[in-house]
Amino acid sequence: MGFLQEKVAELGSGTNLIRELLAGAPRPELVPDWAIPLTAVFIGVGILLAIVSLCAMFGTWLERKVSGHIQCRYGPMRAGWHGWLQPLADGVKLLLKEDLIPLGADRVLFVIAPALVLSSILGAMAVMPLAPDFFFADAPMGVFLILALTSTTTIGVIMAGWASNSKWSLYGAMREAAQVVAYEIPLGVSLLVPLMVAGTFNLSEASAGQAGGFGIFGWYIWPVGFGTEGFSLGNPFMIPALVLVFVAVLAETKRAPFDLPETESELVAGFLTEYSGIRWSFFFMEEYAAMFLYCVVASFFFLGGFNSPLTWVFEDGGLLPNVFLFNVMAFVTIVVKGFLGMFVMMWVRWTLPRLRIDQVMTMGYKYLTPLSLLCVLGAGLWEWGKWMIVG
Amino acid sequence: MVTVSRYFNNVWKSFWTTMVGMRITGRYLLQKPITVQYPDERMPIPNRYRGIHYLEQEKCIDCLACARACPIDCIEMDAVRHGKELEWISFTLDYQKCMFCELCVYPCPKDCIHMGTEYAFVTYDRSEFKHDLLSYKGMSRDAKIRMVDADKKKAEKEAAKAAKPAHEEAAESAPEEGAEDAGAE
């Protein structure tokens, strides 16, 4: 158990905090040494699972309300106030549904696929800091870890498509593979722009770099910023980079107009065709959690991360310095920013019609990839020039 | 150079048209929904809407004009006549057949059958579509009172008729007795 203890000790402050709370048990001599870190890890995983499922619950509700109101109808209205309990009712329904596995399916892969999809997004979620002083894995290469882990969901999707033993599912899976290969490049490349500006791969460090300026004007997105060191020249390539990241994220998370893998009208939900009940909902939880995660990551590198007027009030040297409230407000800030990003994604979804598969490929290879490379080139030259002139 | 400018023109156009589209959908998003929460609130119905019929049973005289006018014979009525008053047994309209043509409304001499505004008619069984329009069976209280009054008058008249020859034949006491009898009733 020594190895495990070492590994657990390396984890971030989130588990440390839980561990300290657990160490204050009424009779600590009865608790074995290895139990406390292990329990802390389990509690941490529970928190992450809760975040993922709450994301999916609120996300589905928001999606239905936004789509309803864009089409001049109400959306769910019956369960609770404006249907806010609808996802709970849906969850109960999905749990009670028959768990079908098709006769010709590869049973093992069919069962593993949803779990793989969900576990990869859980792993990626662990890298996301929840507050400046509460995080699970403070990875120095945070963004790359998130990109790597979220793209493993593709393996799960391809598994699901193959194991279903259905033409539609296989088509959906192949489209997903093609789409992810096409859009992973522009996503990674255009994320290099903020990385160059921030000078770090770590999310909380990037957020700390955008402090000051009433919590708004220090963000990296502004061509001219006003941060902790007064006025500073930003990078004009950040705005196109944000647009590129947004489009690439739409394609990565299989959102319309890039929802080719699960086209309802052509492929009868693609790789989801043969799934039912709770397994089916795992894919949806992954989709909404991935949307939230990508939006939060984008907000960390473009839109200030933890910095907002809310946190600016409680931060060190602000109006009312308070560490606890600062952390709470930081959590609220990233949740709000994540859901605002999700809202824009839904808005785009209910605005644009679905692209054809060749148009998706054209968009990825002919437009996004060269443009993101151009963006990186421009941003790099700009930063170099700034370094040469300003020093 | 043309290719390059076309390329960037495409990029700009796709960005701009998306913005235009999002402006439109955003406007819809902020506008009040046009749908209504159906069972709780309903859309206003035009006055001349032809829905489920309703019958002013008090006025109806069981003349069968509507039943005769009906092109598919879906109206059936049954009543027993007590003098001028009616004792209702049934007035059914088979909504499996009815085509809501409103032809039964026009011939009614008393203007007592109308097309209503109710359109939702759901049953658990087909036979229940044979809908009874009567609001009460038998006779109404007013009709009963009227009938009793009419019977009384009839009895009075008969008594008067019976008394006349008696008056002519017998002595003075007979009409007084007849008047007392009528008063006692």
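**Exercise 1. At what angle do helix H8 (residues 167–198) and helix H10 (residues 238–252) of chain A pack, and how far apart are their axes?**

Before we start: this is a predicted model, where local features need pLDDT of at least 70, side-chain atom pairs count only at pLDDT 80 or more, and totals for chains, interfaces and linings use all residues. Residues are numbered from 1 along each chain as its sequence is written, while chains are lettered from A and ligands numbered from 1 in the order in which they are written.

Step 1. Helices here are DSSP runs of H or I with at least four residues, strands are E runs of at least two, and both are numbered from the N terminus. Axes are lines fitted to C-alpha atoms, for helices over the stretch in contact, and angles run from 0 to 180 degrees between N-to-C directions.

Step 2. H8(A) and H10(A) pack at about 150°, with axes 8 Å apart.

Step 3. The two helices are therefore roughly antiparallel to each other (angles under 35 degrees count as roughly parallel, over 145 as roughly antiparallel, 65 to 115 as roughly perpendicular and the rest as oblique).

Step 4. Now look at who touches whom: H8(A) contributes residues including A:Tyr183 and A:Leu187, and H10(A) residues including A:Leu244 and A:Val245. Contact is called when C-beta atoms, placed from the backbone, lie within 7 Å.

Step 5. Sort the contact residues by class, and you get 15 nonpolar, 2 polar and 1 charged. Ala, Val, Leu, Ile, Met, Phe, Trp, Tyr, Cys and Pro count as nonpolar, Asp, Glu, Lys and Arg as charged, and the others, Gly among them, as polar.

**Exercise 2. Trace the open sheet in chain B.**

Step 1. Its 3 strands run in the order S2-S3-S5, with antiparallel pairing (two strands pair if DSSP finds at least two bridges between them).

Step 2. Strand S2 (75–82) and strand S5 (130–132) of chain B are the edges, each pairing on one side only.

Step 3. Strand S3 (residues 85–94) of chain B meets S5(B) over 3 antiparallel bridges. For one partner in S5(B), take B:His131, bridged to B:Leu93.

Methods: Two residues are in contact if their C-beta atoms, placed from the backbone, lie within 7 Å.
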